[in-house]
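Subject: Handing over the structure

Hello,

Here is the structure I promised to pass on to you. Have a look at it first, and then read on for what turned up in it.

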Amino acid sequence: MARQKFDVLLVEDDSNDATVAMRAFERNGLSQHVKLVRDGAEAHDYLLGEDAALNGERRLIPRVIFLDLKMPKVDGLDLLEQLRSNERTRSVPVVIVTSSDREVDVKEAYRLGANSFVVKQFDLAKPGEYLVAIARYWLDLNRAAR
Amino acid sequence: MDEGRNLARPPPLGGRPHGDAAERRGTPRLLPALVVLALGLAGTFELWRTIQRAQDAELESNAAAVATLLARVIEAQIDDHELDALRRWAESGPDIDSATWQRSAELFLADHPSFGALVRIDERGRPGDAAGSAEPRNALRGLIPQTAGQAPQAVEATRSPEGLVGPIRLADGRAALGVSILARRGRAEPREVFALLDPSVALRRVLEHGAAGYSIRVLFRNEELFRATANGSEEQADRYWKAADVALSVNPPWTVAVQPTAMLTSGAHQHGALLALAAGLAVSVLAAVLVYEAQIVRARGIRLARASADLLQSIDETEREGIEVRELRGALETRVTQRTATLQETIEELETFNYSVAHDLRSPMGAVINFTGIIEHDYGATLDEHVKDYLSRISASAAGAVALMNGLLAFSQSGREQLRKCDIDMRELVEGVRDDLDGARQSDSDVIEIGALPHAFADPSMMRRVLMNLISNALKFAAPGTPAKVEVGGYEEGREIVFFVRDQGVGFDARYAQKLFGVFERLHSSDEFEGHGVGLAIVSRLIRRHGGRVWAKGAVGKGAQFFFSLPNSGSTDVGANGTPEV
């Protein structure tokens, strides 16, 4: 079966955050463009796994990855490192979306090649809307390398 | 251990086979000095004695010679002068008549004062004619019976016809002798004549000035006939008397004794002995002193040796102690290092725990906020007003919790970040803060005045946070209804650079000034002023990490002034808990 091409890969293990995020995308008509995976291992499989490698489809690579840091199995920074060391994913924009704003995390993320670092926002009036805004930026405004 | 030093060390004194207590104690010994002094004195005394003996011998032999000489002088005087004159007179007319004899005798006595009286023995052997003054004549008569009663022939046959009788004391204390002369003339019958001889008169002329430096005694049968003391000198001990026999032509003989005067025994002749004595004494004392000095030096040497031995021992002990101390210190350091590591680990664990708690609680709290928001947003129209109120309370509490956790995370982070110091233009930094805070101002009429600000050597991002917190605090606590007026300044004071942020706001109770800097400490309720009570705690922690201090002055309703200082040198680096980072 042919795999759907997603513009956004959301790597989020927290179901609450994932629910809020997906609701916001849905409300803004973006949900069909967003692929949600629940941890780093799953993301790795999706991006660099056997299945992906066999198909060799470049279009399966998303245009932006929203990556949580604190995750079971493979955590965000490990995954980031793997993405940056693979030719296929080397230049995919990665936005770190995490509840941590530790300076060490920020620095390490940038060192490993993150393109942006965003601390999760809790907005009573517009929950998760900030993710939509970020997605629009990367999908609509950012010029990525081909 | 240094072997060379062991070799240089004297052997332990206690192990020596000999050495008296004084030596062991290292005190100078008096005995050798005393022995030397005694030997010296003995030698000196012996020398003095020898010299004195030699001088005595010389004096004695001199005295003996003088005595012999004087004996000859006396013999000549008595025999050749007095007795010869008596004989010649006696033989000039032994048998003359009484009146003639008497006149002749008086003339003779007048010419010869040595003779006090004359008596002629008659044919019957009895004292006959006599001449001289009464007392000598009577004295002479008293002597005659000892020899009278013998016919001259018998006298001549049995004994020497001439002889001495006596002595006899005259009234004036002088000793006189009877001299018998047998006078012959031609073929006539010899006639015996007695004369009273006063030797002192006879000898005075020859002896009184004839033996300078010597006292002279002339004795007859232990009776003193004459005495002459030279120049009034004291007489010496008897051993100095030297005697010689005076062999007269009449018997029995006299004895002449001479003695050197004190001038001779203690005078110039004694100088050598005295000099020897003095020199000997001086040498003895000097030698004793030298020996004692040597003893002192030796004792000092022993003391020094002991002291150095003790010193070496104490150095050894000190070294041992030093080693022990080093070991202890090493153990202590190890323990401190271990404890510090453990403590650091604990602190890190605690920080991690804090962080994890804050972080992990933040997500659920965020979920509460998010979902209450979604409910309000999606179903608000259908909800009862009470439900809406409860939902808003839920979300407000969750938001408060999130803010608290954000503060806690910030505080936790303020202790974990590494210090990166550099020179900071504080004015520029404060201006940046002011610009950033534009949005936080409650009204456009709020004023932030920036005064003189010295440069600082510190971590710029931390200083920025410090000033951000202080200035935003000052803005926040402005008196209700009036525009905030905040003044930022700084000055150098001693070894510190002091910065301050002053406001004219609500102030605080000065009694609780130090509580301001505690975590989650608030002097105002959160209903009055928003905030979670970590801003000043973060300021305090960041400043302490720089080795500086924080303090505050203020009064309720009269504004507050927050100070912080930084070391002027800028070299001290202080750990997360306020301990210097090395």
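Strand β6 (residues 214-220) of chain B pairs with β7(B) in the antiparallel sense, over 5 bridges; two strands pair if DSSP finds at least two bridges between them. In this pairing, Leu219(B) stands opposite Glu224(B) of β7(B). Helices (H or I, at least four residues) and strands (E, at least two) are DSSP runs, numbered from the N terminus.

Before going further, a word on the source: this is a predicted model, in which local features need pLDDT of at least 70 and side-chain atom pairs count only at pLDDT 80 or more, while totals for chains, interfaces and linings use all residues. Residues are numbered from 1 along each chain as its sequence is written, and chains are lettered from A and ligands numbered from 1 in the order in which they are written.

Back to the sheet. Its 4 strands form an open sheet with antiparallel pairing, in the order β7-β6-β9-β8 (chain B). The edge strands, each pairing on one side only, are β7 (223-228) and β8 (242-246) of chain B. On average, neighbouring strands of this sheet are turned by 20 degrees against each other, direction ignored.

Which strands does α3(B) lie across? They are β6, β8 and β9 (254-260) of chain B, and α3(B) runs at about 140 degrees to β9(B). Helix α7 (residues 199-207) of chain B also packs on the sheet, touching β6 and β7 of chain B, and its direction makes about 30 degrees with that of β7(B). For these angles, axes are lines fitted to C-alpha atoms, for helices over the stretch in contact, and angles run from 0 to 180 degrees between N-to-C directions. Two residues are in contact if their C-beta atoms, placed from the backbone, lie within 7 Å.

There is a hairpin to look at too. Strands β3 (residues 163-169) and β4 (residues 175-183) of chain B pair in the antiparallel sense over 5 bridges. Arg169(B) has Ala175(B) as its bridge partner in β4(B). The hairpin has 5 residues between the strands, and Gly173(B) takes a positive phi near 95 degrees there.

A residue is buried if 20 or more other C-beta atoms lie within 10 Å of its own, exposed if 12 or fewer, and partly exposed in between, with C-beta atoms placed from the backbone. Leu107(B), in helix α4 (residues 98-111) of chain B, counts as exposed because it has 12 C-beta neighbours inside 10 Å.

The largest nonpolar core has 58 residues, and Leu70(B), Leu118(B), Ala195(B) and Val256(B) have the most contacts inside it. Helix α3 (residues 31-92) of chain B gives the largest share of this core, 12 residues. A second, separate core of 52 residues includes Leu408(B) and Ile448(B). Such a core is a set of buried Ala, Val, Leu, Ile, Met, Phe, Trp, Tyr and Cys residues joined through C-beta atoms within 7 Å.

Finally, the two chains meet in a contact that takes 16 residues from chain B and 17 residues from chain A. On the side of chain B that touches chain A, the elements giving two or more residues are α9 (268-379) and α10 (385-416) of chain B. The largest share of that side, 10 residues, comes from α9(B).

Enjoy looking around!
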